[in-house]
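The following note collects points for a colleague who intends to work with this model. Please read it alongside the coordinates.

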Amino acid sequence: MRTQRQVVDYSLRKRAVLRELLAGRVGTYDVCDASPYLKNAARFHGEPTEDRCPICRSENLTHVHYIYGDELKQSAGQARTLAELPVLAMTLREFQVFVVEVCLGCSWNHLVEQFLLGRDGLAGGAENGSDQGAADASAATAPGAGPAVRRRREAQR
């Protein structure tokens, strides 16, 4: 996605958890604890992967994308499909995406990555657009401003 930025990868943390599990310092019940809500989100909104579950090795993992942001209001915290994210990125200024991997067989779940999406990430996006809008507004209200400038400004509202 073009506007993806500030990516945080949690693969080192995943390796540490798996190392603790194999060493016997952490039990399977501690890491295979996906809630029913997370498993339903994986079933209905998740994206299947080719990666096998590191615990049961019988099921493929599913990635669930959760979105959070001020502009989302009641939609914050919802799971979305991967296809919906670019559309949201072009309509919203900024929101965070958390990607969780889930095994529907043994309930393994782990945060895979986190990143920001939105129009603010476009090169020359919102900053230049808002400056241009201010310039158009001052030109439209200036004495002697042409009718084309006023129409363009009214159409933008």
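1. Confidence. The mean pLDDT of the chain is 82, and 75% of the residues score at least 70; pLDDT is the predictor's confidence in each residue, from 0 to 100. This is a predicted model, in which local features need pLDDT of at least 70 and side-chain atom pairs count only at pLDDT 80 or more, while totals for chains, interfaces and linings use all residues. Residues are numbered from 1 along each chain as its sequence is written, and side-chain values use heavy atoms, with hydrogens and water left out.

2. Where pLDDT is low, the predicted coordinates should not be read in detail.

3. Salt bridges. The structure contains four salt bridges, the criterion being a side-chain nitrogen of Lys or Arg within 4 Å of a carboxyl oxygen of Asp or Glu. Three of them are described in the points below, with burial stated by relative accessible area: buried is under 20%, exposed over 50%, and partly exposed in between (1.4 Å probe, protein chains only).

4. Arg5 and Glu94. In this salt bridge the closest N and O atoms are 3.1 Å apart. The pair links distant parts of the chain, since Arg5 belongs to strand β1 (residues 5–9) and Glu94 to the loop between α4 (84–91) and β5 (95–102), 89 residues apart. Helices (H or I, at least four residues) and strands (E, at least two) are DSSP runs, numbered from the N terminus. Arg5 counts as buried because its relative accessibility is 18%, whereas Glu94, at 37%, counts as partly exposed.

5. Lys14 and Glu101. The closest N and O atoms of this salt bridge are 2.8 Å apart. Lys14 is in helix α1 (residues 11–23) and Glu101 in strand β5, so the pair ties together parts 87 residues apart in sequence. Which residues here are buried or partly exposed? Lys14 has 21% relative accessibility and therefore counts as partly exposed; Glu101, at 3%, counts as buried.

6. Arg80 and Glu84. Here the closest N and O atoms of the salt bridge are 4.0 Å apart. Arg80 counts as buried at 15% relative accessibility, and Glu84 as partly exposed at 31%.

7. Cysteines. How many disulfides does a search of the whole structure find? The search finds zero, a disulfide being a pair of cysteine sulfur atoms within 2.5 Å. For Cys53, the nearest cysteine sulfur is that of Cys106, 3.5 Å away. For Cys103, the nearest is that of Cys56, at 3.6 Å. Cys53 counts as buried because its relative accessibility is 0%; Cys103 is likewise buried, at 0%.

8. Aromatic rings. A search of the whole structure finds one aromatic pair. Rings of Phe, Tyr and Trp (its six-membered ring) pair if their centres lie within 6.5 Å; planes under 30 degrees apart count as stacked, over 60 as edge-to-face and the rest as tilted. The pair is Tyr68 with Phe98, edge-to-face, at 5.6 Å centre to centre and 80 degrees between the planes. Tyr68 lies in strand β3 (residues 60–68) and Phe98 in strand β5, 30 residues apart, and the pair links these distant parts of the chain. At 38% relative accessibility, Tyr68 counts as partly exposed.
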